[in-house]
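My entries follow in the order I made them.

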Amino acid sequence: MVKDGDPSWKPTFIVKPDSGCQGDGIYLIKDPSDIRLAGTLQSRPAVVQEYICKPLLIDKLKFDIRLYVLLKSLDPLEIYIAKDGLSRFCTEPYQEPNPKNLHHIFMHLTNYSLNIHSGNFVHSDSASTGSKRTFSSILCRLSSKGVDIKKVWSDIISLVIKTVIALTPELKVFYQSDIPAGRPGPTCFQILGFDILLMKNLKPILLEVNANPSMRIEHEQELSPGVFENVPSLVDEEVKVAVIRDTLRLMDPLKNKRENQSQQLKQPLAVKEDPSDSEPANASDSNRNPEAHLPSICLKQVFPKYAKQFNYLRLVDRMANLFIRFLGIKGTMKLGPTGFRTFIRNCKLSSSSLSMAAVDILYIDITRRWNSMTLDQRDSDYKGLSQSTCSLNAQTPGELGLSPMNPFSEEETEAWVKRDSGGRAGTLS
């Protein structure tokens, strides 16, 4: 194997079973022939990735970042990212992989569900110590060493937006296929868990996206053999409660109605009221705005806020929109002959040399060719189509001549690097 013409490239690979979760079944290999097959790849597929050998270390430990991303809407596309996340640490000092330490899972794998079984795992009530910390505490520590955390955030936001844009076309097609014909369908949203690794040069690398991230805010502690107790995790609670609470606030279908009513109540009244009959100002404001006592939203919009910088990547998304438009009916994923005719007509592709009869023959020919192709051949055709988009994905905003993105205000950004009197990393307000 040679990477970019470099014969000295000797990678380590990480193998993840396709149906696994919580770190179960993950292992490292140096030689692809060492893949452990339980049956065939068809019966138990696995994802094989190049292992990142030079991660950023803190306290000599490898760690990853779990950030929560709200996909509020597919059409129009709306993406929100939480202002804080979790940093999950390994429990053995890191060494670059070699044949002697490939099996040291507590050194190489950051999965919380694995490391919690290590004797070195540290439960902590502080956001800046222990084996699970807040992401803001990591940024605070990096900032104290002179790192430009605005640049770090900008690169992470770019990674998140590009990933969601890559997912959106297929999500749209499957979404419309599940909506029964004649019905508008529900308004859907999803909280995604992005697992990100910072390299030594502070470049963020996407490890995986979890469609169903854990929202547990406690862990099991063994009091005696076989006797367990659920113990609250203050770090999990600080991050996850805010994400769930503010997701519900953003998705509240009655929010706009209440805001309109509030605006109407603020208009001056024609009749002067007796001050003694009116409610206290604070109680009145609280009744009109049930969110008055809640903290500010922890989720910040990154799309369409930065849509202009990423619209060049939405080619496949536009193709999906065309496909859905010409399907003609909901609840299907197959473009029938009538839809194909409509597509040809509306795109003004028909002419004297391409009659509708010829269009019908073309549809039959394309359908037969597609049905005769193997899954591998279909995948290769799709990859060829998307290669141009993937090459653009490799570019950063700086390489495109775009300014770094920061969804937070100056005051919020400064909060990353402030500590209170107890030495705890400040969290964004």
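**Entry 1: strand E5**

I started with strand E5, residues 61-73, and found it mostly covered, with 13 of its 13 residues buried. I note here that I am working from a predicted model. For burial I used a cut-off of under 20% relative accessible area.

Next I looked up the pairing partners of E5. I took E4 to begin with.

Strand E4 covers residues 57-58 and pairs with E5 in the antiparallel sense, over 2 bridges. I checked Leu57 and found its bridge partner in E5 to be Lys62.

I moved on to E6. This strand spans residues 78-82 and pairs with E5 over 4 bridges, again in the antiparallel sense. I picked Val69 and traced its bridge partner in E6, which is Ile81. The link from E5 to E6 is a hairpin of 4 residues.

Then I took E7, residues 86-89. I counted 4 bridges between E5 and E7, and the pairing is antiparallel. Ile65 stands opposite Ser87 of E7.

**Entry 2: strand E9**

I then asked how many bridges hold E5 and E9 together. The count is 7, in the antiparallel sense, with E9 running over residues 190-198. I looked up two positions along this pairing. Arg66 has Asp195 of E9 as its bridge partner. Tyr68 stands opposite Gly193 in E9.

Is E9 mostly covered or mostly open? I found it mostly covered, with 8 of its 9 residues buried.

I followed E9 to its other partner on my list, E10. Strand E10 covers residues 204-210 and runs antiparallel to E9, joined by 6 bridges. I came back to Gly193 here. Its bridge partner in E10 is Asn210, while Tyr68 stands opposite Gly193 from another strand, E5. The hairpin of E9 and E10 has 5 residues between the strands. I checked phi in that hairpin too, and Leu202 takes a positive value near 75°.

**Entry 3: helices H3 and H4**

I turned to a helix pair. H3 spans residues 135-144 and H4 spans residues 149-177. Their axes lie 10 Å apart, and the helices pack at an angle of about 135°.

I listed the contact residues next. From H3 they are Phe135, Leu139 and Ser143. From H4 they are Ile149, Val152, Trp153 and Ile156. I sorted this contact by class and got 6 nonpolar residues, 1 polar residue and no charged ones.

**Entry 4: the chain as a whole**

I finished with totals for the chain. Its secondary structure comes to 13 helices and 13 strands. The chain has 429 residues, and 37% of them count as buried. The accessible surface of the chain is about 25,200 Å². Carbon and sulfur atoms hold 55% of that surface.

Note on methods. Residues numbered from 1 in each chain as written. Predicted model: local features only at pLDDT ≥ 70, side-chain atom pairs only at ≥ 80, totals over all residues. Heavy atoms only, no water. Axes fitted to C-alpha atoms, helices over the stretch in contact; angles between N-to-C directions. Contact = heavy atoms within 4.5 Å. Nonpolar A, V, L, I, M, F, W, Y, C, P; charged D, E, K, R; others polar. Buried < 20%, exposed > 50% of the residue type's maximum accessible area, 1.4 Å probe, protein only. Pairing = 2+ DSSP bridges. Areas by Shrake-Rupley, 256 points an atom, 1.4 Å probe, with all protein chains shown as cover.
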